[in-house]
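The sequence and structure come first.

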Amino acid sequence: MTATQKRIIINRIALGFSTLSAIIALAFLFWILGVLVMKGVDSLSWSIFMFEGSPPGYAESGLKHALVGQLILVGLATLIGVPLGIMAGTYLSEYGKNSKLAHTIRDISDIMMSAPSIVIGAFVYAVVVMPMGHFSAWAGAIALAIIMIPIILRTTDDMLQLVPGTLREAAFALGAPKYKVIMDVVYRGAKAGILTGVLLGIARVGGETAPLLFTSFNDNFFTTDLNEAMPSLTVTMFNYAISPYDDWQQLGWAAAFILSMFILGLNIVGRLILLAGKRK
Amino acid sequence: MASIIDIKDECSLHVRNFSFTYKGATTPSLKKVTMPIAKHSVTALIGPSGCGKTTLLRSFNRMHDLYPGNKYEGEIEFEGRNILDPKEDLIHLRTKIGMIFQKPTAFPMSIFDNVAYGMRLQGIKNKTELEGRVEKALQDAAIWKEVKDRLKHDANGLSGGQQQRLCIARAIAVEPEVLLFDEPTSALDPISTQGIEKLVIELKERVSIIIVTHNMQQAARVSDYTGFMYLGDLIELGHTEELFVTPKEKLTQEYITGKFG
Amino acid sequence: MIDKIFLNMTRTSALLILFIVAWIFVVLFNHSIEAMQTFGFDFITKDEWAPNLEKFGAYAAIFGSVASTFLAMLLAIPVAIGVAIFLSEIAHDKIKGFFGVSVELLAAIPSVIYGMWGLFFFVPILRDIFGGMGIGLLAAGIVLAIMILPFMAAVTRDAMNTTPDILKESAYALGGTQWDVIKDIIIPYAKAGIIGSLILALGRAIGETMAVTFVMGNVHHTPKTILDPTTSIPVTLANEFTEADSSLYFSSLFGLALTLLVMSFVVIAIAKFYFLRKVRKGQ
C-alpha cells in the first residue's frame with residue numbers, strides 16, 4: 001500500500017468518526033430538546049398562568065407565583081447589574097485602555113465569569129441573608145447581578161473598542177467634553193453590540209438555579225415583597241422535579257419549557273440585533 | 001473570432017473547448033476555451049477582473065472541486081489524459097500541478113515542516129532525504145541563505161516576500177511538472193515582487209508556469225506567451241512581445257492601451 | 001465637572017468588580033475558619049462527613065468534583081471536536097446552518113434541564129444496563145459531558161471557521177486529503193481558540209450544580225467504581241446548605257465553597273495565563 005492510499009483510508013476513517021460523533025451528539029441533544037418540548041407542551045395549560053402553587057393533588061395549581069417571581073428577580077438583577085457592568089466596561093475601554101489596572105480588571109472578570117455560581121450564592125447568603133435574618137428577593141437579585149456584571153463588562157469593553165477612534169477624534173475636534181463624546185458618539189456606535197450583550201447576560205442569569213437556592217429561596221405562593229423569600233421558575237422546577245408527585249413533576253416540565261423558550265427567545269433576538277447591526 | 005497561435009514547441013497542457021459553470025450560475029464563466037500551454041515556458045493570463053483568468057487557472061488543479069456543485073465541460077489534456085474526468089485522481093494531479101496563491105500561505109508550523117509538508121504527504125520519512133530536498137527547494141526558491149539558521153522557527157515570523165518564496169519552495173519540493181501562480185505578488189512590496197518575478201523566470205527551466213496577473217507590465221516582464229481573456233472567452237493567445245506590440249484583436253489592443261480595464 | 005463625575009462613576013464601577021472578588025474570598029474564608037481550626041488538613045483529606053457526629057471531611061466531595069469533571073472532559077472533548085469538524089468541514093451548507101444554530105441554542109438551555117433529563121430519562125437506561133441505582137459518578141460524568149458539549153462544539157467550530165480558505169486550499173494544492181488539511185492546518189491554526197473553549201467548558205463543568213445534583217447520589221463516600229453514587233462540592237452545597245443546623249456544619253459548608261472557588265480560580269488562571277499565553281506565543 002502506498003503512502004497516498006494509506007492517507008486516503010485514514011481520511012475516510014477520520015471523517016467517518018467525525019460524522020459519527022456528530023450524529024451521536026446531535027441525537028442526544030435532540031433527545032433532550034424533544035423531551036423538553038413534548039413534556040412541556042403536554043403540561044401547558046391556561047391554569048398555569050392563573051394559579052399559584054398548591055399542595056400536590058389540587059387541580060387549581062399553577063406557576064403564576066414562580067413566573068412573576070422570576071421576572072422580578074431577573075428584572076431587579078438587570079437593574080443592578082447592567083448599569084454597573086456598562087459603566088465598568090466604559091471605564092476599561094475609554095479610560096483604562098491598556099493600563100495595568102484595566103488588564104487586571106479584565107483578567108479578574110474573565111475568571112469571575114467561570115466562577116461557580118453556587119459559590120456566589122453562598123457568598124450572598126453570608127453577606128445579605130445572614131444579616132437580614134431571612135431569605136429575600138433582594139438577596140437573589142444581588143447574586144444574579146454579581147454573575148451578570150462580568151458578562152456585561154466584557155461585552156461593553158469589546159464593543160466600545162470596536163468603535164473607530166477617528167469617530168471619537170471627530171467629536172473631540174468639535175469641542176465636546178469626554179463624557180459627551182462617550183454618551184453621544186461611542187455609545188451610539190456600539191448600541192447594537194451592547195444591547196446584544198445585555199440580552200445574552202439576562203438569558204444567562206435567567207437560567208441560573210444554584211445561586212438562588214439559598215438567597216431568594218423559594219415559596220409556593222404569590223408575592224411581590226422584595227424582603228421576603230421569592231419563588232423563581234428555576235428553583236420551583238428543581239423542587240417540583242425531585243418531588244414524588246406526578247402533578248408537581250408535570251408543572252416542573254411546564255416551567256422548564258416556559259423558561260427555555262424565554263431564554264432561547266432572548267438569544268435569538270440578541271443574534272438578530274447583532275446581525276442587523278452588521279448589515280448596516 | 002479568437003486569435004490563438006499555434007505553439008510549435010512541446011506543450012504540457014492542452015485546453016480544448018473547455019467551459020466552466022459555477023454552482024447556481026446560469027451562464028458559464030468560461031466559454032469553450034481552447035488554449036495550448038507550452039512546456040518549460042511562462043504563460044501569462046491577463047484581462048479585466050471577472051474575465052475568468054483565475055477560474056481557468058484553478059481548473060488546472062481542479063481546485064473548484066473543493067466547493068461542490070461546479071460544472072466542467074470539455075477537455076484539459078495533461079500527460080495524455082483528460083484531467084477533467086470525474087475519475088481523475090486529484091491527489092496525484094495536485095502533486096504534479098502545484099499552485100501559489102494571491103497571498104503568502106505559510107502553514108502554522110516551522111519553516112522546515114512547511115517545505116517538507118508535501119513530501120511527507122507522499123510518504124517520504126527518511127530524515128536525510130527530507131533535509132536534502134528541503135535545502136534544495138529553499139535554494140531553488142532563493143531563500144535558503146535567509147532561513148538556514150532558523151529552519152525550526154515558526155514560518156509566520158517571516159516577511160511577506162519571504163513567506164511567498166517559502167510557499168514556492170514548498171510547491172517545487174514535490175517536483176511538479178506545472179506551477180500555477182495566482183497573482184502571486186498582489187500582496188507584496190515592489191522589491192519582493194522583483195524577487196518573485198526573477199524566480200519565476202529561473203523556474204521555467206524545470207517546470208511549465210502559468211501566471212495570472214493584474215499587472216500587464218509583469219506579464220510582459222516574465223512571460224513567453226500571453227493570453228488575453230475577456231468575459232469568459234480567450235480573445236487572443238500569442239508570443240508576449242507580439243501580443244503587446246502588435247495585437248491581432250481589437251479588444252486586446254484596447255485593453256493593453258488602457259481603454260478599459 | 002460632569003466629566004469628573006462621569007470618570008469617577010465608571011472607575012468606581014470597574015473597581016467594584018475587584019472589590020467583590022476580594023470580598024467573596026474574605027467572607028468565605030472568615031466563615032470557614034472554624035472548620036479549618038477544628039479539622040486542619042483533615043478537612044480535605046478525610047472523607048467522613050457525619051453531621052450528627054460533627055465530623056466533616058470533604059475528600060469525597062472534592063474527589064467527586066474532580067472525577068466527574070475529568071470524566072466529562074474525557075467524554076466531551078473528542079466528541080465536541082468531531083462535531084466541530086462535522087459542522088465546519090463535512091456537512092453541506094443547509095445542514096451546517098440548521099445544526100449549527102441548534103447547537104448554539106442548546107448551549108443556552110438552563111443546566112437544570114439537563115439534570116431533569118438525566119434523572120428521568122438517562123439514569124433509568126444506565127440502571128438497565130449496569131444494574132444498581134443508575135445514579136452515581138458515571139451518570140454525573142455523562143450528563144455533564146452532554147451539558148458542556150454544545151458550548152464546546154460551537155466555540156471550537158467558530159475557531160476552526162477562522163482558518164482562511166486560501167490556507168486550506170494551499171494544503172489541498174499540495175495533494176492533501178480533507179483529513180490532512182483538518183489535522184495539519186485547521187486544528188493547529190485554531191489551536192488557541194479550541195483550547196480556550198475547552199478551558200471555559202472545564203470551568204463550567206467543575207462548578208456546575210444543577211445538571212449533576214439529581215444524578216450523583218449525594219452520599220459522602222469516595223466511589224470505588226464509576227458506578228457508585230457519590231457527591232461533589234456543588235451538590236453537597238445545594239443539598240445541605242439550608243439544612244445546616246450547627247455553626248461547625250455551616251463553617252464546613254463555607255469551607256467547601258471556598259475550596260471550590262479556589263479550585264476553579266486556579267484551573268482557569270493556570271489555563272488562561274500559562275497555557276493560552278504559551279500557545280499564542282507559539283503562533
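## Strands, interface and core

Strand β4 of chain B and strand β10 (residues 225-230) of chain B pair in the parallel sense over 4 bridges. Here strands (E, at least two residues) and helices (H or I, at least four residues) are DSSP runs numbered from the N terminus, and two strands pair if DSSP finds at least two bridges between them. The model is predicted: local features need pLDDT of at least 70 and side-chain atom pairs count only at pLDDT 80 or more, while totals for chains, interfaces and linings use all residues. Residues are numbered from 1 along each chain as its sequence is written, with chains lettered from A and ligands numbered from 1 in the order in which they are written.

β4(B) also pairs in the parallel sense with strand β9 (residues 208-212) of chain B, over 4 bridges. Leu45(B) takes part on both sides: Val212(B) in β9(B) stands opposite Leu45(B), and Gly227(B) is the bridge partner of Leu45(B) in β10(B).

Because 5 of the 5 residues of β4(B) (residues 42-46) are buried, the strand is largely enclosed by the rest of the structure. A residue is buried if 20 or more other C-beta atoms, placed from the backbone, lie within 10 Å of its own, exposed if 12 or fewer, and partly exposed in between. One face of β4(B) holds Val42(B), Ala44(B) and Ile46(B), the other Thr43(B) and Leu45(B).

Strand β7 of chain B is likewise covered: Ile97(B) and Met99(B) point one way, Gly98(B) and Ile100(B) the other, and all are buried. β7(B) pairs in the parallel sense with strand β8 (residues 178-182) of chain B over 4 bridges; Val178(B) in β8(B) is the bridge partner of Ile97(B).

Chain B has 22 residues in contact with 18 residues of chain C, a contact being two C-beta atoms, placed from the backbone, within 7 Å. Elements of chain B that each supply at least two residues to this side are α2 (90-96), β7 (97-100), α3 (111-121) and α6 (160-173). The side of chain B that touches chain C divides as follows.

| Class | Residues of chain B |
|---|---|
| Nonpolar (Ala, Val, Leu, Ile, Met, Phe, Trp, Tyr, Cys, Pro) | 12 residues |
| Polar (the others, Gly among them) | 6 residues |

The largest nonpolar core has 262 residues, of which Ala122(A), Ala76(C), Val143(C), Ile148(C) and Ala257(C) touch the most other members. Such a core is a set of buried Ala, Val, Leu, Ile, Met, Phe, Trp, Tyr and Cys residues joined through C-beta atoms within 7 Å. Helix α6 (residues 137-161) of chain C gives the largest share of this core, 19 residues. Beyond its neighbours within four places in sequence, Ala122(A) is in contact with Leu28(C), Leu237(C), Phe241(C), Phe254(C) and Ala257(C).
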